[in-house]
Amino acid sequence: MTKKVFVSGCYDMLHSGHVAFFREASQYGDLYVGIGSDATIEELKGRKTINKENERLYMVKAIRYVKDAFINRGSGMMDFIETIEKVNPDIFIVNSDGGSEEKRNFCKARNIEYIELNRLPEPGLDPRSTTSLRKEVKSQIPYRIDIAGTWIDQPYVSEHGAGWAITASIEPTMEFMERGGMSTSTRKAAQTIWKYQLPEFNEEMLARILFCFENDPEDNKGHVSGAQDAIGICLSGLSRHFYDGGYWPVKIERVHNSQILDWLESHLALVPMFPRRPGVSVVEGKDVTAEKVRKLTDAAERTWDAIMSRDLDSFVKGYQDSFEAQVAMFPAMMQEGVEQHIRKVKEEGALAWKMTGAGGGGHLLIVHDSVNIPDSAIPIKIRRM
């Protein structure tokens with residue numbers, strides 16, 4: 001009579017190492033697999049699964065070495081007990097790095113043979129583990145682009161006049177430069193919380209969580225990161241947020257209309273310059289007045305209206321006016337070398353331009369006519385819901 005063999009694991013990022021383990025384990029008998037539930041993985045690892053439990057069950061069952069598979073309904077490191085009682089195996093097999101005295105004693109008490117296997121890759125393949133795979137996987141946490149009105153999210157600006165900031169969440173189609181105005185520091189904070197992707201949750205609440213996490217009142221860093229970064233990362237589509245003297249906007253409006261987002265993507269592109277240099281302070285020499293803030297907020301409203309109507313000429317005018325209003329208040333945004341890059345994109349056909357984020361370097365976010373596009377321009381992909 002063929003023996004029953006049992007193994008258990010998460011199998012969230014299914015890879016060749018798992019298949020090789022299943023193959024070797026199946027040589028001892030008919031192989032049954034217990035799979036950690038979504039709830040158990042979140043409990044043990046502090047993160048959401050990449051693949052939901054029903055999808056993982058489907059994939060594991062499809063492997064030819066597996067006789068059958070089940071979702072474990074227990075919790076913790078021993079979540080498989082109920083599944084083992086259902087299968088009633090003769091042998092329990094673990095990888096050497098997944099063994100424990102608790103599992104060994106559990107099997108001994110139930111007269112189940114306990115075997116630990118070393119990780120052996122299939123001939124011709126590299127050794128593979130989920131840990132090593134995670135190190136290679138690019139994060140799916142979005143980046144943020146700011147389009148117009150930004151700096152208004154700082155209370156020392158909006159106290160001179162309330163107004164809108166316009167941002168968009170973009171897909172991580174590449175690894176953008178550090179200190180490049182793409183909100184990479186806030187994105188790193190998001191990766192600390194959620195690792196590889198934003199959870200399926202209320203996006204405005206995610207933005208609040210990220211903002212509070214990055215601006216821990218106990219760290220005494222003396223600077224509060226603007227809410228536009230957290231909002232721009234967490235809120236899919238195009239957003240505008242209204243600030244009136246506070247750190248968090250009093251209202252948020254969002255657009256997911258595909259025609260508007262497609263139009264905006266077709267006219268925006270990123271051009272790399274250089275990372276903001278160490279020690280540069282873009283607030284040095286700032287000159288924030290009610291008149292200058294009014295120019296910023298007026299330009300942002302005109303930019304938004306132009307996007308909604310897909311009016312390229314008006315978009316170019318509002319967009320450029322917004323950037324010029326920013327520089328008028330924060331002249332240190334224009335560090336040495338920026339003007340040279342602006343001249344180059346202008347010569348190559350850009351209709352308008354601004355620095356992403358607080359400036360001082362990073363990327364230029366340019367407006368183009370979809371025909372004359374600078375060679376160094378990188379298309380953007382706005383994140384849909």
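The model is predicted, so local features need pLDDT of at least 70 and side-chain atom pairs count only at pLDDT 80 or more, while totals for chains, interfaces and linings use all residues. Residues are numbered from 1 along each chain as its sequence is written, and side-chain values use heavy atoms, with hydrogens and water left out.

**Exercise 1.** Determine the strand order of the open sheet of 5 strands, and state which strands stand at its edges.

*Solution.* Strands are DSSP runs (E, at least two residues), helices are runs of H or I with at least four residues, and both are numbered from the N terminus. Two strands pair if DSSP finds at least two bridges between them.
- Step 1: The order is β3-β2-β1-β4-β5, with parallel pairing.
- Step 2: β3 (68-71) and β5 (113-117) each have a single partner strand, so one side of each lacks a neighbour in the sheet.
- Step 3: Within the sheet, β1 (residues 4-9) and β4 (residues 91-95) are joined by 2 bridges; phenylalanine 6 has phenylalanine 92 of β4 as its bridge partner.

**Exercise 2.** Describe how β11 is paired and how its side chains are placed.

*Solution.* 
- Step 1: Strand β11 (residues 352-355) runs antiparallel to β12 (residues 363-367), and 4 bridges join them.
- Step 2: Tryptophan 353 stands opposite isoleucine 366 in β12.
- Step 3: Ala352 and Lys354 point one way, Trp353 and Met355 the other way, and all are buried. Buried means under 20% relative accessible area, exposed over 50%, and partly exposed in between (1.4 Å probe, protein chains only).

**Exercise 3.** Locate glutamate 336 and find which residues it is in contact with, leaving aside neighbours within four places in sequence.

*Solution.* 
- Step 1: Glutamate 336 belongs to the loop between α13 (312-329) and α14 (338-347).
- Step 2: Its relative accessibility is 68%, and therefore it counts as exposed.
- Step 3: Its contacts (heavy atoms within 4.5 Å) are with Phe274 and Arg277, once those neighbours are set aside.
- Step 4: Its C-alpha atom is separated by 8.4 Å from that of glycine 360, 24 residues apart along the chain.
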